[in-house]
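These are my notes from a first look through a structure that is new to me. I wrote down each thing as I looked it up.

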Amino acid sequence: MLELGTDELAKYPFLEGAGKFLKEKGFPLSQFGTDPDLKSVVDKAYHRLKVSTEGGIYKSEIIDGEASDSAREKEIFSFLLAIVLIKLSGMHTLVKRFALAEARRAENHLEKDLGKASDKSKIDLAIRIIYDLFNIEVIKEDEFFKIPVSDYLKHSIDFHEREWKLVNRHVENGKVLLTPDKTVRLIRKELGTYITSKITNAPTPPMIPGLENIVNELTSIGKALTPSYTVITGEHPPCIKHAIEILEKGENLPHSGRFMLATFLLSKGQTVQQIAPLFKNAPDYNLRVTLYQLNHLAGISGSGTQYSCPSCEKLKTQSLCFAIPECDNIINPLQFGRKKK
Amino acid sequence: MQEADILFLEDSFKKYYFNHFDLIKVPERTSEREFGYQKFNSGMTRHISIKDDKELHLMLMQNIPSDVYCSNAYYAFPNLPMNEKDWKEADLIFDIDAKDLNLSCRDSHTVSICNECNDVSKNSSKCLKCNSSKIEKKSLPCKYCIDASKIEVEKLSQILTDDLAIIKENIQVFFSGNEGFHVYVYNSQFQEIGSRERSELTDYLSLRGAIPETFGMKKLKHDRAAFPDFDDKGWLGRFSKQVFGSKSKRSKIITELLANGYSSFQKTLDNVSGNIGVKIDPNVTMDIHRIFRLPGSINSKSGLTKIQCDDLLKFDPYTEASFLSDDTVEVIANCPIQFVLKNKKFGPYIDEKVTIPIFAAVYMICKKLARIA
């Protein structure tokens with residue numbers, strides 16, 4: 001466990017030490033609803049949340065750790081109180097947005113700390129945080145940070161930008177060499193997940209008298225942000241159309257293409273009996289095998305797992321993607337034709 | 001396949017298994033692996049747990065399988081259904097297959113077998129006799145196919161050791177028993193990574209998905225200094241050697257690359273990737289629940305044995321992986337392509353009755369190009 005001072009906790013208030021710090025200070029939550037001296041903390045917490053709902057990152061008044069103890073305390077309290085407010089609002093959308101914004105904020109601090117070539121203790125702290133929270137061993141060498149390729153893969157796998165593909169990274173001796181900003185970017189999602197789990201696991205306190213209005217306001221913001229999706233077209237995406245065309249022509253569709261087509265149609269609600277005839281033109285068609293495999297994919301037989309349609313990225317690597325402009329911003333064929341309301 | 005052919009193959013396989021227990025050994029950490037087998041004209045039996053060589057040999061003698069498999073994954077309960085097995089980790093396995101190398105020789109040794117009328121012809125997309133498009137293709141890989149596959153294995157081993165710090169002793173190469181090689185990597189940092197991460201690793205090894213910026217080419221603000229050097233490690237160095245050819249040409253070629261622009265560079269990169277990227281089947285490496293042909297077992301696509309290659313350069317599968325009997329048997333062969341096994345030439349045969357050694361008869365029957373007379 002890291003022993004942290006208030007300047008570190010102000011930067012990384014999601015670490016274990018922050019909750020302990022609040023307990024040590026001995027503020028009961030109810031005091032935040034009534035104590036005029038604590039109003040500024042409540043305002044700061046609300047502001048912190050509001051900024052996150054607008055897709056922004058809360059900017060601290062503390063720059064480079066230069067601040068009074070009380071300013072640092074306020075910084076820590078406002079984070080903790082923001083969590084309390086989210087819990088009271090009961091809006092899950094706020095959790096995700098706040099966690100992401102706070103992760104981005106912490107990311108900025110970690111990046112600065114890692115980049116401080118002259119301050120070894122700051123670098124060590126950032127490296128320790130990354131190790132303690134995410135179990136990634138970062139080694140600093142010259143101006144680069146080296147992390148094992150396997151750790152890099154685990155953390156970069158959900159990134160869609162091509163620059164994050166391992167092939168676009170400098171790999172040497174089983175390690176990936178990264179700049180401070182890329183090192184920190186790598187754990188952004190995990191930071192978000194970590195903060196999300198902190199919020200999700202925090203108990204929901206009873207309503208704090210005096211904070212009802214703020215909480216109601218947050219609830220309405222949360223409701224407005226809850227997305228609703230609607231299908232605006234019944235058209236299949238080009239990859240699926242292509243696969244169907246291949247089969248209709250009696251040409252061979254590779255196993256991966258058949259997997260894509262079957263899982264796509266199953267997810268769209270078609271039954272095994274409806275899908276099976278599609279494959280009858282395949283050069284190696286066998287009804288018994290087709291039904292067995294479809295039942296397996298649908299989770300009707302075998303392990304009971306229903307297989308999901310592969311992502312666009314996966315299909316690209318299998319040469320099954322035939323993207324058209326309408327495919328922009330989707331990451332799975334199932335999202336084709338959906339539009340946010 | 002007709003009954004007589006199956007009986008003949010089973011008899012030949014059984015003799016092999018009985019005489020070559022020395023070649024068929026269970027892999028390490030046996031009790032954590034899943035085993036499986038297939039019998040001729042039958043489905044797969046898997047989720048089997050085996051504890052030692054004796055149990056494996058018993059299984060082989062009792063069932064006379066056409067193919068035997070073992071997982072690269074380690075499970076807490078290998079004999080339970082897949083979602084209850086409790087996956088722990090898996091060795092990395094790469095499949096290099098001549099059929100994926102787009103070799104020019106392939107057409108010359110591929111035959112087409114019609115699923116409707118069983119007619120066999122040289123490579124064609126439709127049956128020449130009944131015009132059906134339900135065609136099954138079989139290839140009889142030549143020496144060039146094997147040599148080209150070996151080059152890919154060499155490329156792969158080099159990148160695994162140079163870039164990914166895999167210790168040479170932890171890499172084992174096996175002839176697959178048919179058209180290529182399986183490369184196993186043990187005890188690496190990648191044991192516990194999942195399927196998508198393994199897929200990403202194959203993209204790295206194949207130089208797939210590379211962007212111009214990685215190699216110094218930017219859309220705007222051209223910067224000559226950003227281009228890689230000969231001495232750079234990893235793909236940067238390999239790219240330099242491939243594209244610049246020699247150190248003295250580097251500067252001139254960079255000028256050309258810059259003049260041709262970004263999109264042209266992407267095309268260059270795609271071409272380079274086709275040349276120096278390792279051609280592995282990504283679907284095999286990313287499957288962390290697959291059962292792989294067991295080393296020492298026979299591949300029923302050819303009758304050849306999956307065998308470890310200690311000296312890859314010298315390895316000749318058509319002499320070193322053919323273990324079946326030299327006794328003769330009479331078959332009706334319809335194999336329009338000549339092939340060489342154990343240094344003997346066979347064929348071409350046009351629907352004719354011939355007496356040939358069992359190892360050659362099995363090879364053709366496995367490829368549906370002959371039947372017992």
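Entry 1, the cores. I began with the largest nonpolar core, which has 146 residues. I listed the members that touch the most other members: A:Leu81, A:Ile86, B:Leu156, B:Ala361 and B:Met364. Helix α5 of chain A, residues 69–89, gives the largest share of this core, eleven residues. I noted that the model is a predicted one.

I then asked what B:Leu156 touches, not counting residues up to four places away in sequence. I found B:Phe94, B:Ile96, B:Val183, B:Leu205, B:Val278 and B:Ile280. A second, separate core has 24 residues, among them A:Ala243, A:Phe259, A:Met260 and A:Leu265.

Entry 2, a sheet in chain B. I looked up an open sheet of four strands and read its order as β6-β11-β10-β15, with antiparallel pairing. The edge places belong to β6 (92–97) and β15 (307–308) of chain B; each has a single partner strand, so one side of each has no neighbour in the sheet. I checked how β10(B), residues 171–175, pairs with β15(B), and found two bridges in the antiparallel sense. B:Phe174 has B:Gln308 of β15(B) as its bridge partner. Helix α3 of chain B, residues 143–162, packs on this sheet and touches β6, β10 and β11 (180–185) of chain B. The directions of α3(B) and β11(B) make an angle of about 15°.

B:Asp67 lies in strand β3 of chain B, residues 67–71. Leaving aside neighbours within four places in sequence, I listed its contacts as B:Tyr37, B:Gln38, B:Arg293, B:Ser297, B:Asn299 and B:Ser300. I also took the C-alpha separation of B:Asp67 and B:Gly303, which is 9.9 Å, although they are 236 residues apart along the chain.

I noted 31 residues from chain B and 24 residues from chain A in the contact. On the side of chain B, α4 (195–206), α5 (234–244) and α8 (282–286) give two or more residues each. Of these, α4(B) gives the most, seven residues. I divided the residues on this side of chain B into 14 nonpolar, eight polar and nine charged.

Chain A is divided into domain 1 (6–130 + 187–225), domain 2 (137–181) and domain 3 (238–340). The C-alpha centres of domains 1 and 2 of chain A are 29 Å apart. Nine residues of domain 1 of chain A are in contact with seven of domain 2 of chain A. For chain B I wrote down domain 1 (3–100 + 142–203 + 281–324) and domain 2 (209–276), with C-alpha centres 38 Å apart.

Definitions and conventions: Residues numbered from 1 in each chain as written. Chains lettered and ligands numbered in written order. Predicted model: local features only at pLDDT ≥ 70, side-chain atom pairs only at ≥ 80, totals over all residues. Pairing = 2+ DSSP bridges. Contact = placed C-beta atoms within 7 Å. Axes fitted to C-alpha atoms, helices over the stretch in contact; angles between N-to-C directions. Domains from an automatic or database assignment. Nonpolar A, V, L, I, M, F, W, Y, C, P; charged D, E, K, R; others polar. Core = buried A, V, L, I, M, F, W, Y, C linked by C-beta atoms within 7 Å. Buried ≥ 20, exposed ≤ 12 C-beta atoms within 10 Å, placed from the backbone.
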